[in-house]
Amino acid sequence: MTTRKTLATLTLLILLFPTLFVSGCTEELSAEEIAEHMQEKEDSIQDNSYTMQMTSYFGEKTRESEVRILQKKPNKSKTVSIKPEEEAGTIVVSDGEFMWTYDPKTNTVMKMELPDTPILGEIDYVGIISALLNETDVSRIGMEEIDGRPAYLLETSPKEEGEGIQLVDRVKLWVDKETWMPLRYEMYDSSGDLMMELEIHDLEINTGIPDSEFVFEVPEGATVKTVDLDSFEIPGEMTLEEARESAGFEILVPEYLPEGYAFNYSMVFNNSWIAPEGQAFETVSLTYENEKEDIISLSETVYETETPDAVIMNSAEDIAINGRDGKYLAFGNMKILSWEIGDIDLSLTTPLEKDEMLKIAESIRENA
């Protein structure tokens, strides 16, 4: 499965959680029939609230997070971060007209007017489930209990073996027999290692959540930054020459590439239009492909202040690249190599083996 298909499948699975709730139950159902019931009953849900707990595994390290979520049709939502401690109290509220994001650490608020047309378009839940069934093989394994609730246990797997980056190989999904709510899922990589667990607790449906829950009050003394979506342009694909003209720093390129790989396109992104003071950065990505559409992605970022910690790399192997400290991490069949050259943070992502990645990285040098 290609990178795009993998990420699309992951997105579909995550989107299923906060929305697909129904009533009723049937005994011997196939995976396809369970999905059909979920899509048939979605319209009955007017509001819902729940606590979502997620555990991610990165090598020897784990990261736990917990959020409280409230949603009300057609376009109201509220998310409050509980864990980890450094994110506790972060709030994102959408009242249908504006989206407010509050960071308690900096006591700052970002206010963004929502467009008439949703940024990601209208969510078609029938289409989501259909796409899930088309992109993966879904089978019913049996029945298990989650917090004392009987649940259908489903498993998804790729329909095809792909040569590109595969983050997720297999997903186990528990669907509540009474409400048809996915109560838990587990994601595994191609080696069979558990990558992520997600559980839904304290689920309540159609309780009549008042609109007042989605009214955001700016905390005393908080700084408010208004974000203008009209000033944001989705980065487009560029030639290397166009990227060099657009970027605010000297782009570094590898002198070595494995046989068959060639430059395809680049993209330039700057978050200064939305970033809080002191947190802006600019990123240039360079994409190389071969005839099989295998990808080498090189990302180069310059931060306004210091480089933030990358949680995913906390358990990475320490390596040296041309005498500089670096990190190497294998995640599924995806490998990540990160290091710094001057004030540029570089990240190389590809399914290639470590030795080949090091050759590419070591061929990237500072511009004279």
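The pLDDT is the predictor's confidence in each residue, on a scale from 0 to 100. For this predicted model, the protein averages a pLDDT of 80, and 78% of the residues score at least 70. Confidence is lowest in helix α1 (residues 3-16), where the mean is 43, and highest in helix α5 (residues 354-362), where it reaches 95. Two stretches call for some care in reading. Over residues 1-26 the pLDDT is below 50, and this stretch has 85 contacts in the model beyond near neighbours in sequence. Residues 119-128 also have a pLDDT below 50, with ten contacts in the model beyond near neighbours in sequence.

As for the overall make-up, the protein has five helices and 19 strands. Of its 368 residues, 44% are buried. Among contacts with a separation of 6 or more, 53% are accounted for by residues 24 or more positions apart. The protein exposes about 19,500 Å², and carbon and sulfur atoms supply 47% of that area.

Phenylalanine 58 stands opposite lysine 61 in β2. Strand β1 is also joined to strand β11 (residues 194-205), here by eight bridges and again in an antiparallel arrangement. In this second pairing, glutamine 53 has glutamate 199 of β11 as its bridge partner.

Strand β3 comes next, together with the loops on either side of it. The loop between β2 and β3 holds proline 74, and a cis peptide bond joins lysine 73 to this proline, with omega at about 5°. Strand β3 itself spans residues 76-83 and includes serine 81. The relative accessible area of serine 81 is 13%, so this residue counts as buried, the cut-off being under 20%. Apart from neighbours within four places in sequence, serine 81 is in contact with Glu66, Val67, Glu87, Ala88, Gly89 and Thr90. A further cis peptide bond runs from lysine 83 to proline 84, with omega near 0°. Proline 84 is found in the loop between β3 and β4 (91-94).

Seven strands form an open sheet in the order β13-β14-β15-β19-β18-β17-β16, with antiparallel pairing. Strands β13 and β16 (317-321) stand at the edges and have a single partner strand each, so one side of each is left without a neighbour in the sheet. On average, neighbouring strands of this sheet are turned by 20° against each other, direction ignored. Within the sheet, six bridges join strand β17 (residues 324-331) to strand β18 (residues 334-341). Leucine 329 stands opposite isoleucine 336 in β18. Helix α5 packs on the sheet, where it touches β15 (295-303), β16, β17, β18 and β19 (344-350). The direction of α5 makes about 40° with that of β16.

Once neighbours within four places in sequence are set aside, the contacts of serine 266 are Gly236, Glu237, Met238, Thr239, Leu240, Ala243, Ser285 and Leu286. Its side chain reaches the backbone oxygen of threonine 239 at 3.2 Å. Serine 266 and threonine 287 are 21 residues apart along the chain, yet 6.1 Å separates their C-alpha atoms.

Asparagine 107 has a positive phi of about 50° although it is not a glycine. This asparagine sits in the loop between β5 (98-103) and β6 (108-113), and at a relative accessible area of 22% asparagine 107 is partly exposed. Glutamate 293, likewise not a glycine, has a positive phi of about 70°. The place of glutamate 293 is in the loop between β14 (281-289) and β15. This glutamate counts as exposed, with 53% relative accessibility.

Technical notes
Residues numbered from 1 in each chain as written. Heavy atoms only, no water. Contact = heavy atoms within 4.5 Å. Polar contact = N/O pair within 3.5 Å; in protein donor to acceptor, adjacent residues only side chain to side chain. Helix = DSSP H or I, 4+ residues; strand = E, 2+ residues; numbered from the N terminus. Pairing = 2+ DSSP bridges. Axes fitted to C-alpha atoms, helices over the stretch in contact; angles between N-to-C directions. Buried < 20%, exposed > 50% of the residue type's maximum accessible area, 1.4 Å probe, protein only. Areas by Shrake-Rupley, 256 points an atom, 1.4 Å probe, with all protein chains shown as cover.
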